[in-house]
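Here's my note on the model you sent over, written as numbered points. Keep the structure open beside you and find each part as we get to it.

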Amino acid sequence: MPTVTFSYTITASLAAPVSHFGYAVRVPSDTGRQLLRRQHLAFPEGGPKLEKLDPLGNRILTGIHQGTSARLAFTVSGKARIEPDQAEEGSMELYNGQTFRTGAGGLLRSCYLHHSAVGDAPDRTRHFCLMLRDEFSCRRGLPSHRTAEEAMEDHIGPPEDLAHIVLSLCRMDHIMARYVTGISGQGASVWVEVWNGSHWIPIDPATAQICDHRYLKIAHGRDGGDVILIALSNGCTVSRAEMHSTLTVDHAH
């Protein structure tokens with residue numbers, strides 16, 4: 001099975017210097033489709049102190065930064081074996097209802113009524129992705145809208161907006177679906193996972209294809225608000241957060 005070598009750095013710039021505050025960073029974990037073989041952390045002041053799972057089952061590393069800083073960088077790197085044919089199971093009950101970010105207004109409801117499809121959950125989801133190529137222009141680097149309806153009104157937005165629109169259409173079609181953040185050969189990436197009755201199927205909204213070994217998952221949630229990769233305590237206000245990543249595939253393993 002292919003092995004990927006990955007690295008990503010999250011850089012958080014604060015509105016003002018702050019001292020002695022806590023941090024929580026989401027990191028990849030083993031799933032049915034990916035197995036971490038090695039992981040290295042480069043965190044402030046020697047690394048995190050505690051590992052835990054969030055309510056949705058995502059892995060989080062936490063620690064305390066003792067010094068005074070206005071800018072922090074967290075780097076996670078390693079290797080993982082990706083097995084796209086393996087199933088990822090888990091709970092699906094939380095993902096059948098709309099959220100604030102995915103809630104549909106008149107435009108999305110009209111879009112759904114004009115483009116509903118037949119088939120199983122992955123087929124219908126891929127149909128929505130293909131249909132949106134004519135309805136929505138996906139551009140990396142643009143600021144994300146607050147809701148899927150707002151993004152649809154503008155007909156343009158980043159991959160995060162496209163994922164929220166696809167989630168909204170899926171949930172109107174009674175497909176249990178969730179938002180995923182991770183990295184791919186394209187850099188920092190987002191995609192969706194849909195429940196096919198027995199396990200989760202990952203689909204890239206931009207290509208309408210099932211995600212293969214070139215996608216490494218970090219976290220999943222009901223929408224993008226559930227998978228923020230870094231959080232800081234003690235009154236820290238993050239003015240800007242950036243993520244830079246690389247992922248290469250070694251087919252020899």
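**Notes on the fold**

1. Let's begin with strand 7 (residues 177-184) and strand 8 (residues 187-195), which pair in the antiparallel sense over eight bridges. Two strands count as paired if DSSP finds at least two bridges between them. The strands themselves are DSSP runs (E, at least two residues), as are the helices (H or I, at least four), and both are numbered from the N terminus. Look for alanine 177, whose bridge partner in strand 8 is valine 194; arginine 178 has glutamate 193 as its bridge partner in strand 8. A hairpin through two residues connects strand 7 to strand 8.

2. A word on what you're looking at: this is a predicted model, where local features need pLDDT of at least 70 and side-chain atom pairs count only at pLDDT 80 or more, while totals for chains, interfaces and linings use all residues. Residues are numbered from 1 along each chain as its sequence is written, and side-chain values use heavy atoms, with hydrogens and water left out.

3. Five strands make up an open sheet in the order 10-9-8-7-11, with antiparallel pairing. Its edge strands are strand 10 (209-210) and strand 11 (215-221), each of which pairs on one side only. Strand 8 is mostly covered, as eight of its nine residues are buried (buried means under 20% relative accessible area, exposed over 50%, partly exposed in between, with a 1.4 Å probe and protein chains only).

4. Next, follow strand 8 into strand 9 (200-204). Strand 8 and strand 9 pair in the antiparallel sense over four bridges, and glutamate 193 has proline 202 as its bridge partner in strand 9. Their hairpin has four residues between the strands, and glycine 197 there takes a positive phi near 110°.

5. Is tryptophan 200 buried or exposed? Tryptophan 200, found in strand 9, is buried, with a relative accessible area of 1%. Leaving out residues up to four places away in sequence, tryptophan 200 touches several others, including Glu88, Tyr95, Met176, Arg178 and Trp195 (contact means heavy atoms within 4.5 Å). Glutamate 89 is also on the contact list: the C-alpha atoms of tryptophan 200 and glutamate 89 are separated by 6.2 Å, although the two are 111 residues apart along the chain.

6. Glycine 141 sits in the loop between strand 5 (137-138) and helix 3 (148-154), and is exposed, with a relative accessible area of 78%.

7. Helix 2 lies across strand 8, strand 9 and strand 10, running at about 15° to strand 9. Helix 4 (residues 159-172) packs on the sheet, where it touches strand 7 and strand 8, and its direction makes about 155° with that of strand 7. For these angles, axes are lines fitted to C-alpha atoms (for helices, over the stretch in contact), and values run from 0 to 180 degrees between N-to-C directions.

8. How do helix 1 (residues 106-115) and helix 2 (residues 121-132) pack, and at what angle? The angle is about 110°, with the axes 11 Å apart. That makes helix 1 roughly perpendicular to helix 2 (65 to 115 degrees counts as roughly perpendicular, under 35 as roughly parallel, over 145 as roughly antiparallel and the rest as oblique). Where they meet, Cys111, Tyr112 and His115 of helix 1 touch His127, Phe128 and Met131 of helix 2.

9. Finally, turn to strand 4 (residues 59-82), which pairs with strand 1 (residues 3-27) in the antiparallel sense over 20 bridges. In that pairing, phenylalanine 21 stands opposite histidine 65 in strand 4. Strand 2 (residues 34-42) also pairs with strand 4 in the antiparallel sense, over eight bridges, and glutamine 39 stands opposite glycine 78 in strand 4. Strand 3 (residues 50-53) runs antiparallel to strand 4 and is joined to it by four bridges. In the hairpin of strand 3 and strand 4, with five residues between the strands, glycine 57 takes a positive phi near 95°.
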